[in-house]
Amino acid sequence: MASLVSPSLVQTKNIGSKKQVLDNKSVIDNIRDHEISKSFALGNICYSCELVCKHFFAGLDLNSRDSKTGETFLHVLTDYTHLYLTANGTRIVYMLSTKLDIEVPDENGDTVLHKVVRIPGSWRCIVALMRCGACPLQKNKAGRTPEEEILFHKKPGWEENLHWLRKYHPGLWAAVKCKNPDPVLIERLLRYWCRTVKVVGRETANLKCQVHMCETQLDTVLLLEKYENTNEMALSMLSGKLQFVGMWKAAEHLQKVDINAKDFSYQFYYRDYPTAPRPLLAAVWEINQLRLVDAFMELNPDTCVKYTFESEAASPPKPLFFQLVNPKCRPQDEAITARILRDADLNIRNIHGQTVLIEAMLNGETEGVIRAILNSGINIAARDALGRTARDHSELLKRSDYKHLIDSHVIELVKECDLERLEALVLQLYDHIFPESNTQSFANIVSRKNSKQLCQLLRNTNSTQAHVKKLFKLAKCGNSAQLIKLMSRKFANARDKAGRSLLHIAIQYSNGNKTAIPQSSNGQNPMDRANGNIVTQEEIVLKDISSNDPHTDTTQLFKSGKDCKILCSLKKDGPFKKGHQCWKKFSTQGGNCVQDHVGIIKYLVQEYPLMLGLTNNLGQSPLHYAHIYTASQEVIDLIDKTGSCSQIKDVYDFVPEDYDKLQCGEQTFNVRRRPTINLDLDIFLTESNFEERFHQAIKAGNIDEVKKLVPPLLEHNGESRFSQALFDCLDAGHISLANFLVTSGFQTNIFKQYETCDPDEPMCAMMECSHAVTSLKQRATDIGASDLVKQIEDLHKKTPQVALA
């Protein structure tokens, strides 16, 4: 067969009996004997990329073709594509596709794209070629386009290759150059990271320059200009070209690119996963090259942008760096994880209020990853929305190795004499500072440090935490004088189990929120009835602030009537002197109320402005709380004076203004604020294991146990969450237990469907089936519980009935 190109320019040298190709300006005699081609067969991506770069920077021609077959280096590479199917392996495809003409046909008329589409699982290579300007409309000598090649051969996995080829069809260049360009299609392909530059023949063609000549396509020029630099930078990263990162770091270049660009074509896996725009950082770490990731991190990408590659229903979007501990997409090299975490804001949480450490433990990560997170400066005292620390989760998971790593981390802080972080643990009520075993060894470590400050900090741990709890109780009751007296700068970082600061608490209770104790259906305070207490209409009873009861984390106010007075009942051995009572008697008629939450807020904002940026377990700042708890405009203006906290987002991606009742409407407002309102209740239920204990007591008909459990539940306003237990009582025949719960204030306007709907039945699916619901009163009537029926009727006469589905 005659040569496709003239071999006269070929330069070779003899090595033994073989002829070794050196270089040329246009053609190569037997391109498969070239050292670059031979490296492809080894499957060593780093070696092949190194040879290509060496060849390019030496001024040699990568666009050479075989003198007989017309093949390029990319044609040769397709014979070994099965060795380069990973994200790391695809680097060589990007590297060659940006330096040679990828539309050159071989002797059969096949372009590189024709050959690649025939290889099962080569979708990454298809995407790389399409991004670099391959034309899917070109036909080979058999008269078939790449798409027709797939449908003609239908090799195993052909559906996946066809899916990705069609996703990029017809290619950016064809879309722009058609008679009536579609701007929507063009922008979509640009958001898929398609290049606006490619090699045609032996020259570099620029799509923007070509379109610029057409006056009618000025909008297209602006569109191409918007994405050209970003896409060029993205493909440089995907090809692993470290030498170009320095250029992008230059200020004038970095302003022209979006370092946080997303690939809007990305799917984790065809069919099983939705299309989910993936940030460039995630694409870079998938390549699994530490040097590349390190260079890219110098460009300061956003590690906290919300991202998920799964359906949002199955896995809500999380901060990007949380995906580092996702077994499906984490980097293979733990050093990459450590490098990215080094620049991440580890205070950011997922939608459940969990830190990346807790997420890693729940995903069963290796000890190396857990250790990398700990060494990155994570706050091990941070709690999730249920008030659990990472160490609490290690015990729930029964992972002694995780628990040992966390305890060892605390010991390392002691060895390093890191007083700042140790004090932070104490102020956040972390209760595992001292080891459970080997206490003597721990004591020896402390004594060897010969630090009086360290010894004093550890010795005073219990008293410091008791002081913190006292300050929170003072903030709740609004005793500004006593709080100011006991306050100091170090306590500005104090947190309760909900992650709230003193400023959060003062705001939460600044608008009378503590008096919002729900009334039972008969209008009487459920706590009084459960405990058998009688409260007159003239009195409010507050719990003693020095109480050690673990269920009194939130001060409760039991109220009836307009005129009221606070009765003080401090313990004789309490922490205050007799002359400094926290609760003083006052009469509303005399106007002598000592509650001064606004005074506390003013004091904390003025003296400790850093508290404005502190967030709770749900990522909510004091300004969030001001809107959530409908604080007065005076409080909102006081907190938002600087405006620096107005753009802080919580775990639900809401800024403080999103909780403004006037802007979002009452219904939306109540839905959005519900997790925050229930924060204390959720923590109580988790800590006390209430749900399991309560249902066991109901099932066994243990009324004594129920009577012990109900009062603290009522303190946290949680009776409505467990009202369905009334049906369980009736179904089990525990009528007296049901009577007690109703008397205690459990809701009676509830319903239950005893017949289960079949989702496969059309009428059930449309919620038009004949399966009826039964009210509590009807169920009590059916089983003959006449006393309970009468009690329910009496309650419904006093309050309007609201049907609950």
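A disulfide is taken here as a pair of cysteine sulfur atoms within 2.5 Å. By this rule the count of disulfides in the structure is zero. C135 counts as partly exposed, at 21% relative accessibility, and C664 counts as buried, at 18%. The model is a predicted one, in which local features need pLDDT of at least 70 and side-chain atom pairs count only at pLDDT 80 or more, whereas totals for chains, interfaces and linings use all residues. Residues are numbered from 1 along each chain as its sequence is written, and side-chain values use heavy atoms, with hydrogens and water left out.

Salt bridges were assigned where a side-chain nitrogen of Lys or Arg lies within 4 Å of a carboxyl oxygen of Asp or Glu. The count by this rule is 40. One of these joins R131 to D263, with the closest N and O atoms 2.7 Å apart. This pair links distant parts of the chain, 132 residues apart: R131 belongs to helix α6 (residues 123-131) and D263 to strand β7. Helices (H or I, at least four residues) and strands (E, at least two) are DSSP runs, numbered from the N terminus. Both partners are buried, since R131 has a relative accessibility of 4% and D263 likewise has 4%.

A further salt bridge is formed by the side chains of R195 and E232, at 2.6 Å from N to O. Because R195 lies in the loop between α10 (183-191) and β5 (197-200) and E232 in helix α12 (residues 218-238), the pair ties together parts that are 37 residues apart in sequence. R195 is buried, with a relative accessible area of 6%, whereas E232 is partly exposed, at 23%. Helix α12 also supplies E225, which is tied to K208 in helix α11 (residues 207-212), 17 residues away in sequence. The side chains of K208 and E225 meet in a salt bridge of 3.5 Å, N to O. In this pair K208 is buried at 15% relative accessibility, and E225 is partly exposed at 41%. Elsewhere, salt bridges that share partners join R32, E71, D79 and K115 into one network.

Aromatic contacts were examined next. A pair of aromatic rings is described by the distance of the centres and the angle of the planes. Rings of Phe, Tyr and Trp (its six-membered ring) pair if their centres lie within 6.5 Å; planes under 30 degrees apart count as stacked, over 60 as edge-to-face and the rest as tilted. The structure holds 17 aromatic pairs. Among them, F694 and F746 are stacked, with 6.3 Å between the ring centres and 20° between the planes. Distant parts of the chain are linked by this pair, as F694 is in helix α35 (residues 690-700) and F746 in the loop between α38 (735-744) and β13 (751-752), 52 residues apart. F694 and F746 are both buried. Ring pairs also connect these two residues with F684, F690 and F722 in a cluster.

Charged groups also sit over aromatic rings, a contact assigned if NZ of Lys or CZ of Arg is within 6 Å of the ring centre and within 35 degrees of the ring normal. The charged end of R399 is placed over the ring of Y402, 4.0 Å from its centre. In a second case, the charged end of R672 sits over the ring of F654, at 4.5 Å from the centre.

Backbone geometry was considered as well. Most residues other than glycine have a negative phi, and most peptide bonds are trans. The peptide bond from H169 to P170 is cis, with omega near 5°, and P170 is located in the loop between α8 (158-167) and α9 (172-177). R271, although not a glycine, has a positive phi of about 80°. R271 lies in the loop between β7 (262-263) and β8 (278-279) and counts as exposed, at 60% relative accessibility. L429 is likewise not a glycine and has a positive phi of about 60°. The loop between α22 (419-427) and α23 (439-449) holds L429, and this residue is buried, with a relative accessible area of 10%.

Over residues 352-385 the chain is 47% helix and 0% strand, and the end C-alpha atoms are 6 Å apart.

Note on methods. Buried < 20%, exposed > 50% of the residue type's maximum accessible area, 1.4 Å probe, protein only.
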